[in-house]
Amino acid sequence: MTMESLLGEIENSIRTVRRGDVVEGVVVQAAADEIMVDIGLKAEGIVSGRELARMDEALDMSVGEKVLVYVVNPETAEGHALLSIRRAMAERAWREIEERYHNGEILETSVIDANKGGVIVDIGLRGFVPSSQLVSLERPPNRDASEEDLLARLSELIGRELKLKIIEVDRRRNRLILSERLAEREMRAQQREQLLKELEVGQTREGVVSNLCSFGAFVDLGGADGLVHISEISWSRVEDPGEVLHVGEKVQVSVLSLDHESKKIGLSIKRTEKDPWEGIEARYPVGIEVPGIIIKIAPFGAFVRVEDGIEGLAHNSEMSLEGRDLLQEGHELTFRVLSADPQRHRMRLSPIDLEERLGHLMAQPEGEELAPSEEPEQAVAAPETEAETGSD
């Protein structure tokens, strides 16, 4: 081997580094005021005592230990490279955060501070969660709450563990923004996917009422909401879900339907209870007389509650015109069962008390005239009031 080729090999074996590189080296000398690190250059690099004074952990380094360093200057006037352990740690943290950001990871960390705009967290570097991206922040009933009140509520989050997702990384501006709202949305989406895989039609699950609306109730099954239609809340007629349920209430639900494409879950509360129509024919044979409460007047007849979950229809054809005019919602009368269909959940009824009242009206002595001030309608209405008082 010629001298020229030998010098070439030596030159090639020496690492080439630039300002801003983060490289791994080996500690060759450790002192309180200086650490010397071999990073493969012609001369060792130096971590200055000024930096070591701000890093107590650096004093524990021993000869032969591997360390990650940031190249501040690849070659000073003294011939040494100027290195920084603190900047290397920050650089490594930025690189890890950027990787987590691109991977879409959900991080868990605690709140370390708060200001009027949000809270500060530590994920290797200090990050900021704006108040608009916080789910854990209790919202005041008054939207015009003062900044002092907002800061007080934000300060209550200090020390609390949050699940967060990185939404902005800007190293140049030293800006790191995170969101709890987006993290929760993604976690719920993941939970929904998992739940849809586990659920089967006919299963009974426990859930919590999360919202009420005019057409039903939403129930949280543990990460995913299902809808209980108003017709599936109870075997009895329900006009307003808020009359029988409240938000936060634990309920047993039966899975009615699963739509994996639209991610929709249909639920029922009443299907977890025994169907009151089972054995209806034995309990209410044709011809039996039963008490019932009129719950709704329709153009074709009256709906009657016989017991919880059992409603029947007294059709107009079972009543005279005068009898239909006597019906009022909330009144209790006696009805005769004409038929009961457990499959279709239908019962036909005929009022008894109503016909007796009409019979009483028709039994007035012949030739008895109404008082001149009485209208015919009033003469009919007066016995209705008496019958109503008697039935109540």
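## Contacts, a barrel and salt bridges

Leaving out neighbours up to four places away in sequence, Thr 109 is in contact with Val 121, Asp 122, Ile 123, Arg 160, Glu 161, Leu 162 and Leu 164; contact means heavy atoms within 4.5 Å. The model is predicted, so local features need pLDDT of at least 70 and side-chain atom pairs count only at pLDDT 80 or more, while totals for chains, interfaces and linings use all residues. Residues are numbered from 1 along each chain as its sequence is written, and side-chain values use heavy atoms, with hydrogens and water left out.

Thr 109 lies in strand 6 (residues 106-115). Strands (E, at least two residues) and helices (H or I, at least four) are DSSP runs, numbered from the N terminus. With a relative accessible area of 9%, Thr 109 is buried; buried means under 20%, exposed over 50%, and partly exposed in between (1.4 Å probe, protein chains only). A polar atom of the Thr 109 side chain lies 2.8 Å from the backbone oxygen of Asp 122.

Pro 291, in strand 16 (residues 289-298), is partly exposed at 48%. Its C-alpha atom is 9.9 Å from that of Asp 353, a residue 62 places away along the chain.

Five strands form a closed barrel in the order 11-12-13-15-14, with mixed pairing; two strands pair if DSSP finds at least two bridges between them. Strand 14 (residues 250-259) and strand 15 (residues 264-268) run antiparallel and are joined by five bridges. Helix 5 (residues 180-198) lies across strands 11, 12, 13, 14 and 15, at about 60 degrees to strand 15. Axes are lines fitted to C-alpha atoms, for helices over the stretch in contact, and angles run from 0 to 180 degrees between N-to-C directions.

A salt bridge is a side-chain nitrogen of Lys or Arg within 4 Å of a carboxyl oxygen of Asp or Glu. The count by this rule is 18. The table includes three of them.

| Salt bridge | N to O distance |
|---|---|
| Lys 165 and Glu 186 | 3.4 Å |
| Arg 175 and Glu 168 | 2.7 Å |
| Arg 188 and Asp 225 | 3.4 Å |

Arg 188 is in helix 5 and Asp 225 in strand 13, so this pair ties together parts 37 residues apart in sequence. Arg 188 is partly exposed at 29%, and Asp 225 is partly exposed at 23%.

Conventions
Polar contact = N/O pair within 3.5 Å; in protein donor to acceptor, adjacent residues only side chain to side chain.
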